[in-house]
Amino acid sequence: MSLLLIVLLPLLGSLLPSLSSNQRRHQCALLTAAMPLIALLVTLRETPGVIAGEVPRLAFSWVPALGLDLALRLDGLSLLFVLLILGIGLLIILYARHYLSEADNMPRFYAYLMLFMTSMLGIVMADNLILLWMFWELTSLSSFLLIGFWSHQSAARKGARMALAVTGMGGLALLAGLILIGQIVGTFDMQTVLDSRDVILADPRYLPALLLILLGAFTKSAQFPFQFWLPQAMAAPTPVSAFLHSATMVKAGVFLLARLHPALAGSQEWLYLVSLTGLVTMLYGAYFALIKLDLKTILAYSTVSHLGLITMLFGLNSQMAVVAGLFHILNHATFKAALFMTAGIVDHECGTRDIRKLKGLWRYMPMTTALAAITAASMAGFPLLNGFLSKEMMLAETLETPLLGGLAWLIPVLATIGSILAAAYSLRYVRNTFFDGKPRELEKTPHEASFPMRLPVLVLAIVCIIIGLFPAFSATGILTTAADAALTMPAPELHLSIWHGFNLPLLMSAIALIGGFMVYVLRQHLFTFHRQFPSRNSLAIFEGAVQRLVRFTQWGIDTLENGSLQRYMLWVVISALAVSGMSLMGIETLKGELAVQKADPLLIVGAAITCFAGLATAFLHRRRLISLIMLSVVGLMASLAFARFSAPDLALTQLAVEVVTVILLMLALFFLPQKTPKESSASRIVRDVLLAAGFGGVVASLNYALLTRPLNSISDYFLEHSVSGGGGHNVVNVILVDFRGFDTLGEITVLCIAGIGIYKLLNRLRLFMPSSDSEGRPWSPDRYPMILASVSQSLLPMALLVSVFIFLRGHNAPGGGFIAGLVTAVALILMYIAHGVEWAQQRLSFQYQPIAVSGVAIATLTGVGSWAFGYPFLTSAFGHFHIPLIGDVELATAMLFDLGVYLTVVGATLMILANLGKVTTSHRPSKQKEKA
Amino acid sequence: MTSLLALSPLILVCATAIVVMLAIAWRRCYDLTATLTVIGLNLALAAQLLAWWQAPLDVTPLLTVDGLSIFGGVLILVATLACATLGHAYLEGARGPREEYYLLLLCAAAGGIALVSSRHLASLFFSLELLSMPLYGMLAYTYRERGALEAGVKYMVLSAAASAFLLFGMALLYAFTGHLDFAGLGGALASAGGDGWLLAGMGMMLIGLGFKLSIVPFHLWTPDVYEGSPAPAATFLASASKVAVLVVLLRLLQSAPATQDAWFHSLLAVLAFVTMLVGNLLALMQQDLKRLLGYSSIAHFGYLLVALVINEGLAVETAGIYLVTYVLTTLGAFGVVTLLSSPYGGADASRLHHYRGLFWRRPYLTAVLTVMMLSLAGIPLTAGFIGKFYIVAVGVEASRWWLVGGVVAGSAIGLFYYLRVMVTLFLPEPGMQRRDATTDWAQRAGGVVVLALAALVVLLGVYPAPMIDWVRLMAAT
């Protein structure tokens, strides 16, 4: 349970500061510090047990489906990190209290800091890979908040964004890697994973998993080539840098290497990838730390360099190297946090961090100078300080590595060069800032920082000295425990002492220190040399890349998403063309087994007319009336084609529907301007024609292929059963009223409801009849031409007669209630068109709603009727009668049903069309009224 | 009888549509219409339980009721309920007829429910049209806005074109297999192998369905339509409509294993990859929250396609879980936009500057939007993370490194623009014109819905076990 407390107390601590206010800063800091302090005490209580070899663990099942458990552990490795995080964290809280100015929102800062601390503790204590990853992601986010704390500064925002981009990307790669490990092992439980090195190394998925995990670790720990974000993150307030970039955030990457060392290390891939990356990073960072001019940037690059060193140690596949790596983690955290804080003090007191302006500060701040000197000496690897010990261990390890085979001597040489540079930049940091003449151009006169601000540095410096002087007493215990955990076996015996006698590593250390001094003295030559290179600012490069990306996306948006419907359509059609074209290319021949029918002249003429009319519709679309007429020709030809290919029923229906549609379109045209303005340029027309031709070609070839292949369909069944089952020879009609009677009943019900719905919805709509077209020409005053009126009147009885005829013969010959209904409706509509709504309504003085409703009622009753005779719903009975002139009429109950269909169609169609016509009123309100 | 019970949710939604229509025809009363709609939808939601007792059951050759259809139905009904509630607040101040919105909404919902139960190309097509047609009206509902009318027309024209492709693909498939039902089609495809004709047919159908899902390169309408249309309609389009189409696509791919043909399969994979990247990249620079959400939904369906591409192992479960989290999050995010634009008065408040400093005015609403953005970005402890995790897990399991790379890169880019929105919310507010939610937004139905969604997103992020169990149960039936 206490494990949970260690993680959760800082989380609680992130809420506490908000209880306080920005004015009561002492209270705020105290409230914040309370929770980590308790957590530290809890940890210390656990420490003896852990050092004795216990591993307290705690597990709750959380999301079993994801393999995610709320599982924590406190082994030696975790303990080392927990102590670092909480210890340095507490010092940072104290430091930040005095560092932040009045203008900064202190509760917010502390809340972020505590959130970060929680996530960091979560990483180091997680006993489940997914849990570890979740906390990992939280560190990315909370560090984003912390780095961008001064959100009014553009540099802070950009730096934070860059840090998040790099670490966030790495984090997702890490997730993929961890899932892969989980799949190899079969569980995300940490202990099981750590114990199954053999399984993991033998698996073919080892390499991708390793690459993904290393990607995560290297981005987090700013390893080459992802080192660039760390210097830019220095825009953060100094306490943040001191915490995140010395002891915690960047250490998460190397922690992961240490944590997964038992599971992943031991292969050639690991050896080369990890140690060489570390080596390169170490040299790269050290070189730039020597070059840079900003105090914090210098420290940032030195951090990069030291992280490279630690990474290299973990890569070396030797147990002692792991111990050395852990030791250096501890040492680096102490001296680097202290150094960052001294940089912060200098910045705070002098108002600048530019090393060219700062000189001779020892006059003003002797204590800070002393502390900076001690910690920088530790960083340089000066004897009697902790940095010396771990650096010497590192040098000793490089001598024994099998890396690079015959070129193995390169490794210690390069490591020594790295150490030389480290000594040089440490010396530069101290001498150029605190000694070397008098300060120039300072904005304010510096003075010594207040004691509480110096206190954290002092504490860390003392730690540096204690570990440096009494390593065996102070560090061996915790280090051995941590190494046990990181190796999952007893660590090699550790003899930490200041003096090991004269040996090669000591010689290398001496070379490093003397060489560092020489390099420092001769640094001007190095600077001159460096100036020959164009300066490369990683932020500028990154921002440049971002800008290019932005321009690229902007270009993408402009080309793809310009709001033009035609453009969108173009893309859809092109992609459809690509898909169908590609699949068509994989086919040898279009033609199928069926023979092609002979083309007779009639067909050819018909096809030609259809093509012509279709083209004319498109070409003349700006002259709407003509275009509409052409469109109706296309429709007519389509119905004729139906008739030609033995589907008279379809032909009739198509014809009737066509008429209704054209009437509707005419109604719409009435309200539109007569002509469409010219909207396409010539090139666009060419493009469209090409596209249309291409797509038409593809569709036509598909159709051709389809029609030349045998088709099996359900029509045979209906052909066979229409007379025996439904008593009719007109298969379509029999399907409608018998086989699929129930469907038809549903359909006419829908039609009726839709009609009523439209009728009701149109109730309030008023469109005003235009008296002139858009060009100001008045419409013809003669609204109802005489010829049309008289023709339509004489047509009406004939049409009605035809519809009765079609209706009666429907069951056997082409026809039926549906078509008959449409014919009647068209005839009546013609009356409306020819004579106007008022005239027609006076004569047709009945409502259409009851007609439609009674149609549905009749159809339903027919169905119910069969119940009365003990048959299922809608069973039809039929008998034959002979009516003179019309012929043999079969009177089936289906006929009654058909009557229902007829009535509904008439009622609904007229209800819709007649009312659409009615919404126009000739009275047009004056313009003024409309505006009001 | 069992068939009727199994279809009861669909029947109830249709009946509600008719009742609402008649009620409007009888007497226009805004609150009554809304109440009737909500009651009907709730009854339908409860009736899903009835349907569940009958499942799995094939109702007529056209429809089937099984776990997948119930899963989709529940999501659609929840989304529709949210849209109805949000729409109520939104349309309160609108001029002109307001009641028909519910009519259209109910019809579209019925289409969606029928679509997820379809196991036949015919029912697929007509329910897809039933889903889309009312949407034309809904998108252009505030037709006095230029944007809304434009959105409606654009969606209608392009959607009609896409439907044409869909129909053509169906015709091809039918012509070469003689089957229209998914099972028969699957069998015929399996025996035919990678015949070019069938691939052309499947490809055409994919275009039609991909259009509705706004898969790149058929996505072009999405941002424009989202931006222009009234917020509740856009919400429906982004949630219920997409769920329905994805579920039916899933069913189609599941019942036709021949779709695992290499050519078709790589086509799908390429589309998924491109969709993830393009969606996220184009979202980067958007200045309008609704547009941004449009691109983000494109990207999310790219992730979902990954599950469909892999189509083995955990893929169905993954798709289900991702859909749940996506729907909840999208509803929440659009819900905030709707509340901020309610009651309707001119174009929606969706430009990012409308949200500048929202935190200082409406802290709780800001919290809701922040949670939704975090969830969309897939941050741990939100529902979105669970979905993202499943996608990555499925990709890794199948060793599809390109797709995993796409998901990772897309999510990393996504983090940027979601964070941008969040940062905007907390910026100090300059003296700009503002649109604000009403002060009592949290006490109103729409506000309660949004708050509940936020709570649910967090809850499912912290304790997703019930959701996972439910999806598993549904996927297993």
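In this predicted model, A:D189 forms a salt bridge with A:R57, with the closest N and O atoms 3.5 Å apart. The two residues come from distant parts of the chain, 132 residues apart. A:D189 sits in the loop between helix 6 (154-185) and helix 7 (190-195) of chain A, and A:R57 belongs to strand 1 (residues 57-63) of chain A. A:D189 has a relative accessible area of 22% and is therefore partly exposed. A:R57, at 40% relative accessibility, is also classed as partly exposed. Over all chains, the structure holds 23 salt bridges. Side chains of opposite charge can pair when their charged atoms come close.

B:D224 and B:K154 meet through their side chains in a salt bridge, at 2.8 Å from N to O. This pair also links distant parts of the chain, with B:D224 in helix 10 of chain B and B:K154 in helix 7 (residues 146-177) of chain B, 70 residues apart. B:D224 counts as buried because its relative accessibility is 10%. B:K154 is buried too, with a relative accessible area of 3%.

A salt bridge also joins the side chains of B:E227 and B:R351, at 3.8 Å from N to O. B:E227 lies in helix 10 of chain B, whereas B:R351 lies in the loop between helix 14 (315-341) and helix 15 (358-361) of chain B, so the pair ties together parts that are 124 residues apart in sequence. B:E227 is partly exposed, with a relative accessible area of 28%. B:R351 is partly exposed as well, at 33%. Salt bridges with shared partners join B:E150, B:K154, B:D224, B:E227, B:D288, B:R291 and B:R351 into one network.

Helix 33 (residues 786-809) of chain A has 24 residues. From first C-alpha to last it reaches 35 Å, close to the 34 Å expected at 1.5 Å a residue. The helix bends by about 35° at A:L796, and the proline A:P797 follows within four residues. A:L796 is buried in this helix, as are A:A789, A:S792, A:A799, A:S803, A:I806 and A:F807.

A:S246 is placed in helix 11 (residues 238-247) of chain A. Its relative accessibility is 0%, so A:S246 counts as buried. A polar atom of the A:S246 side chain lies 2.2 Å from the backbone oxygen of A:A242. Leaving aside neighbours within four places in sequence, A:S246 is in contact with A:S241, A:K251, A:H332, A:A333, A:K336, A:A337 and A:F340.

Backbone geometry was also examined. Most residues other than glycine have a negative phi, and most peptide bonds are trans. The peptide bond from A:F224 to A:P225 is cis, with omega near 5°. A:P225 occurs in the loop between helix 9 (206-220) and helix 10 (229-232) of chain A. In chain B, a cis peptide bond joins B:V216 and B:P217, with omega about 5°. B:P217 falls in the loop between helix 9 (196-212) and helix 10 (221-228) of chain B.

Positive phi values occur at A:L384, about 75°, and at B:T60, about 55°. A:L384 lies in the loop between helix 16 (366-380) and helix 17 (386-399) of chain A. With 46% relative accessibility, A:L384 is partly exposed. B:T60 lies in the loop between strand 1 (57-59) and strand 2 (63-65) of chain B. B:T60 is partly exposed, at 48% relative accessibility.

Technical notes. Residues are numbered from 1 along each chain as its sequence is written. Chains are lettered from A and ligands numbered from 1 in the order in which they are written. This is a predicted model: local features need pLDDT of at least 70, side-chain atom pairs count only at pLDDT 80 or more; totals for chains, interfaces and linings use all residues. Side-chain values use heavy atoms; hydrogens and water are left out. Buried means under 20% relative accessible area, exposed over 50%, partly exposed in between (1.4 Å probe, protein chains only). The expected span of a helix is 1.5 Å times one less than its number of residues. The bend at a residue is the angle between axes fitted to the seven residues ending there and the seven starting there. A polar contact is a pair of N or O atoms within 3.5 Å; within protein, one must be able to donate a hydrogen and the other to accept it, and residues adjacent in sequence count only if both atoms are side-chain atoms. Contact means heavy atoms within 4.5 Å. A salt bridge is a side-chain nitrogen of Lys or Arg within 4 Å of a carboxyl oxygen of Asp or Glu.
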